[in-house]
Amino acid sequence: MTAEELVAAAIAARERAYCVYSDYAVGAALLTESGELVTGCNVENASYGLTICAERVAASTAVAQGHRRFQALAVVTRDAASMCGACRQFLREFGLDLTVYLGDPSGAFRRVELAELLPDSFGGHSVDRG
Ligand code: THU
């Protein structure tokens, strides 16, 4: 799958965002090591702190489907924003070697690496992630 295709999947996922409080829709598309596509969108809640970001929805869905290794992630917002800190750490759990495409609804994107977004990160201790 190309970067453009992954960004297109995130654009489509963003259409399903439940963002009635912020009106800030986010779509995420994760490409697993084995080539499967898993998507997510942000899901907000009247109790604001319960809101889940698109990236964590995608990663959690992927894990629930049996995937723990990922090649790339596309995130689409109206302004090609970067990922929040919580999502950087959440994704880091499954490896720092992740390419991230930050895009907007036109399909334009820039490429970064998770290791750049989260330098000198905490990776856990003596944890068997098998
Ligand atoms: N949001 C994400 O889905 N991902 C991020 O990386 C940053 C923020 C969502 C949370 C909330 O629903 C909306 O964007 C505004 O913060």
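Modeller: Helices and strands here are DSSP runs, numbered from the N terminus. And keep in mind that this is a predicted model.

Colleague: Fine. Which strand is Thr 32 in?

Modeller: Thr 32 is found in strand 1, which covers residues 27-32.

Colleague: Is Thr 32 buried or exposed?

Modeller: Buried. Its relative accessibility is 0%, and buried means under 20%.

Colleague: What does the Thr 32 side chain make a polar contact with?

Modeller: The side chain of Glu 36, at 2.7 Å.

Colleague: And what does Thr 32 touch beyond four places in sequence?

Modeller: Val 38, His 67, Arg 69, Phe 70 and Gln 71.

Colleague: Let's switch to the ligand. Which residues are around it?

Modeller: Ser 22, Tyr 24, Val 26, Asn 42, Glu 44, Thr 51, Cys 53, Ala 54, Glu 55, Met 83 and Cys 84.

Colleague: How does that shell divide by residue type?

Modeller: Six are nonpolar, three polar and two charged.

Colleague: Where do the ligand oxygens find polar atoms of Glu 44, Ala 54 and Cys 84?

Modeller: With Glu 44, a polar side-chain atom lies 2.4 Å from a ligand oxygen. With Ala 54, a polar backbone atom is 2.9 Å from a ligand oxygen.

Colleague: How much of the ligand's accessible area does the protein cover?

Modeller: 78% of the 370 Å² that the ligand has on its own.

Colleague: New topic. How many aromatic pairs are there?

Modeller: Three. One of them is Phe 70 with Phe 94.

Colleague: Why is that pair called edge-to-face?

Modeller: The ring planes sit at 80 degrees, and over 60 counts as edge-to-face. The ring centres are 6.0 Å apart.

Colleague: What does the pair tie together?

Modeller: Parts that are 24 residues apart in sequence, because Phe 70 lies in strand 3 (residues 70-76) and Phe 94 in the loop between helix 3 (85-92) and strand 4 (99-103).

Colleague: Buried or exposed, those two?

Modeller: Phe 70 is buried, at 9% relative accessible area. Phe 94 is partly exposed, at 24%.

Colleague: What about Tyr 101 and Phe 109?

Modeller: They form an edge-to-face pair too, 5.3 Å centre to centre with 80 degrees between the planes. Tyr 101 is buried, with a relative accessible area of 12%. Phe 109 is partly exposed, at 31% relative accessibility.

Note on methods: Residues numbered from 1 in each chain as written. Predicted model: local features only at pLDDT ≥ 70, side-chain atom pairs only at ≥ 80, totals over all residues. Heavy atoms only, no water. Near = heavy atom within 4 Å. Polar contact = N/O pair within 3.5 Å; in protein donor to acceptor, adjacent residues only side chain to side chain. Areas by Shrake-Rupley, 256 points an atom, 1.4 Å probe, with all protein chains shown as cover. Nonpolar A, V, L, I, M, F, W, Y, C, P; charged D, E, K, R; others polar. Helix = DSSP H or I, 4+ residues; strand = E, 2+ residues; numbered from the N terminus. Buried < 20%, exposed > 50% of the residue type's maximum accessible area, 1.4 Å probe, protein only. Contact = heavy atoms within 4.5 Å. Phe/Tyr/Trp six-rings, centres within 6.5 Å; stacked < 30°, edge-to-face > 60°.
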